[in-house]
Amino acid sequence: MTLKLNYQLMTTQDVRGTLDRLTDEILHANEGRPVVLLGIQRRGVPMAQRMAEMIAKKTGKHPQIGTLDINLYRDDLTRVAFQPVVRKTDLPQDIDDKDVILVDDVLYTGRTIRAALDALCDFGRMRTIQLAVFIDRGHRELPIEANFIGKKISTKDNEVVEVKLMEIDGEDAIYVMEKA
Amino acid sequence: MLKRKDLLGIQELGCDEILEILDTAESLQEISSRPIKKVPTLRGKTVINLFFEASTRTRTSFEIAGKRLSADVVNISASTSSVSKGETLIDTARTLDAMAADCVVIRHSSSGAPATIARMTKAAVINGGDGAHEHPTQALLDALTIRQRKGHLDGLKVAIVGDITHSRVARSNIHLLTKFGSHVWLCSAPTLMPVGVEQMICDNSQFLHTTNSIDEAVADADVIMMLRVQFERMSESFFPSVREYFHYFGLSRARVHLAKQDVIIMHPGPMNRGVEISSEVADGPYSVIFDQVSAGVAVRMSVLYLMLGA
């Protein structure tokens with residue numbers, strides 16, 4: 001499958017500004033309560049790290065962060081042709097009764113988040129689980145919505161939203177690609 | 001994703017496949033430290049442990065690994081199965097296949113038994129140790145333990161000391177470590193060293209050395225692997241007495257000091273304390289013998305996931 005560029009959705013400036021706004025919204029909604037930021041592998045991880053640093057700057061307190069790999073909880077393991085690489089899951093000790101923010105780059109069918117919720121239930125009972133995503137591109141297959149959204153766009157099924165982050169891709173940008 | 005139906009030995013594996021197993025094992029290690037030590041990944045898969053030889057560690061380790069991934073694990077030991085009524089190995093295998101097993105882990109005293117079963121079944125076959133041939137998951141868990149302590153698998157000096165003749169663990173480790181460019185020093189009494197072992201077919205035989213002197217083997221070693229003297233496989237006398245064996249080939253504290261400052265001492269278990277290893281070394285600060293056991297669960301989870309996951 002080859003992808004060709006349809007259009008650029010966000011520039012470096014937009015990416016950083018949007019992350020900053022998302023962070024503000026999270027702080028505001030949680031009214032000063034400490035939150036735990038959990039990045040979903042892979043691009044949710046650097047997103048969560050950056051948001052944690054922003055929160056540290058704004059409030060003077062560094063929030064707890066963690067990483068979550070959802071591949072062991074996928075509902076399509078026996079159906080996908082390729083086998084996903086399992087990356088590290090590393091949650092803070094004792095997240096019982098905490099306010100947890102799941103962080104991911106793109107919200108699409110909702111199945112990744114379904115798997116993430118299953119995974120989190122194996123670690124205890126959090127006070128709340130909230131969801132922050134960079135892009136909500138529609139086409140949900142499950143009753144799942146995000147609490148915090150960087151940008152909501154309408155997309156076609158044959159499009160792919162590519163979030164690029166410095167830590168992994170060497171640039172900050174978001175592109176909408178089309179399957180050729 | 002392992003591009004093979006079965007895991008029969010290390011010899012036929014590429015370095016990329018070995019690294020994929022180790023990397024996945026490291027990701028899965030975290031599951032064993034959770035309050036709920038279980039993920040739903042292999043729900044509905046059936047793993048059968050078919051053991052024709054005594055085993056605590058390997059069988060339990062596979063059973064725990066399967067259960068932590070939510071597979072259904074069934075244990076069969078030869079003494080309680082129809083094998084004792086005269087059923088052939090192949091008929092046993094076909095029977096398990098007819099019950100729609102997804103994976104069969106087999107241990108057998110004959111080299112090549114897992115390969116025979118693999119040809120006869122649709123199920124994935126994992127070699128849990130066959131005769132004096134291979135014990136691939138043991139070498140993989142040893143490699144994981146070494147990599148987590150040393151940070152890498154290349155350029156190390158690894159001494160493997162003891163009953164080389166009867167040891168499938170030694171063979172699998174020789175294949176794995178020489179593939180990555182570590183020097184393997186085999187040491188044992190001449191009676192317990194296979195004739196012509198230097199010509200053993202491994203990818204990089206220039207990395208394989210032999211000696212009858214344990215002092216030479218362990219000098220400046222990064223890793224010392226002690227092997228159990230396998231009395232149950234010995235129909236004749238290979239050495240005059242256990243005391244003499246320990247005197248010449250046992251790992252004492254004095255000998256540990258010949259190795260590198262940060263040496264690690266390994267043993268695949270079960271240990272014969274006072275035969276190949278002294279208690280003070282087995283329980284001492286350099287010993288990683290129980291880390292190996294933990295790594296074993298992670299490596300077996302990794303292998304089951306990679307073979308049955310998709």
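The largest pocket in this predicted model is lined by 38 residues. Nearest its centre lie A:Arg74, A:Asp104, A:Asp105, A:Tyr108 and A:Thr112. The space inside this pocket comes to about 1500 Å³. Which elements give two or more residues to its lining? They are β4 (99-107), α3 (111-121) and β7 (159-164), from chain A. Of the elements, β7(A) gives the most, with six residues. Sorted by class, the lining of the largest pocket holds 18 charged, 14 nonpolar and six polar residues.

Keep β7(A) in view, please, for the sheet that contains this strand. In chain A there is an open sheet of three strands, in the order β1-β8-β7, and the pairing is antiparallel. At the edges are β1 (3-10) and β7 of chain A, each of which pairs on one side only. From one strand to the next the twist averages 30 degrees. How many bridges join β7(A) to β8(A)? There are six, and β8 of chain A covers residues 173-179. Within that antiparallel pair, A:Glu159 stands opposite A:Glu178 of β8(A). A helix packs on this sheet as well: α1(A) touches β1 and β8 of chain A, and its direction makes about 55 degrees with that of β1(A).

Two packed helices are described by the angle between their axes and the distance between the axes. Here α1 (residues 12-29) and α2 (residues 44-59) of chain A pack at an angle of about 60 degrees, and their axes are 10 Å apart. Is the crossing of α1(A) and α2(A) left-handed or right-handed? It is right-handed. On the α1(A) side, the contact residues include A:Leu19, A:Leu22, A:Ile26 and A:Leu27, along with A:Arg16 and A:Asp20. On the α2(A) side, among them are A:Met47, A:Met51, A:Met54 and A:Ile55, and also A:Arg50 and A:Lys58. The residues of this contact divide into eight nonpolar, five charged and two polar.

Strand β1 (residues 46-51) of chain B runs parallel to β3 (residues 103-108) of chain B, and five bridges join the two. One of the pairings in detail: B:Val47 has B:Cys103 in β3(B) as its bridge partner.

Last, the second largest pocket. Its volume is about 440 Å³, and 22 residues line it. Which residues lie nearest its centre? They are B:Arg107, B:Arg168, B:Arg228, B:Gly269 and B:Pro270. Helices α2 (57-68) and α6 (168-179) of chain B each supply at least two residues of the lining. By class, this lining has 10 polar, seven charged and five nonpolar residues.

Definitions and conventions: Residues numbered from 1 in each chain as written. Chains lettered and ligands numbered in written order. Predicted model: local features only at pLDDT ≥ 70, side-chain atom pairs only at ≥ 80, totals over all residues. Heavy atoms only, no water. 1 Å grid on protein atoms, 1.4 Å probe; cavity = no way out; pocket = protein on both sides within 12 Å on 5 of 7 lines; lining within 4 Å. Points joined across faces, edges and corners; volume = space filled by probe spheres on them. Helix = DSSP H or I, 4+ residues; strand = E, 2+ residues; numbered from the N terminus. Nonpolar A, V, L, I, M, F, W, Y, C, P; charged D, E, K, R; others polar. Axes fitted to C-alpha atoms, helices over the stretch in contact; angles between N-to-C directions. Left-handed = near helix turned anticlockwise from the far one by under 90°. Contact = heavy atoms within 4.5 Å. Pairing = 2+ DSSP bridges.
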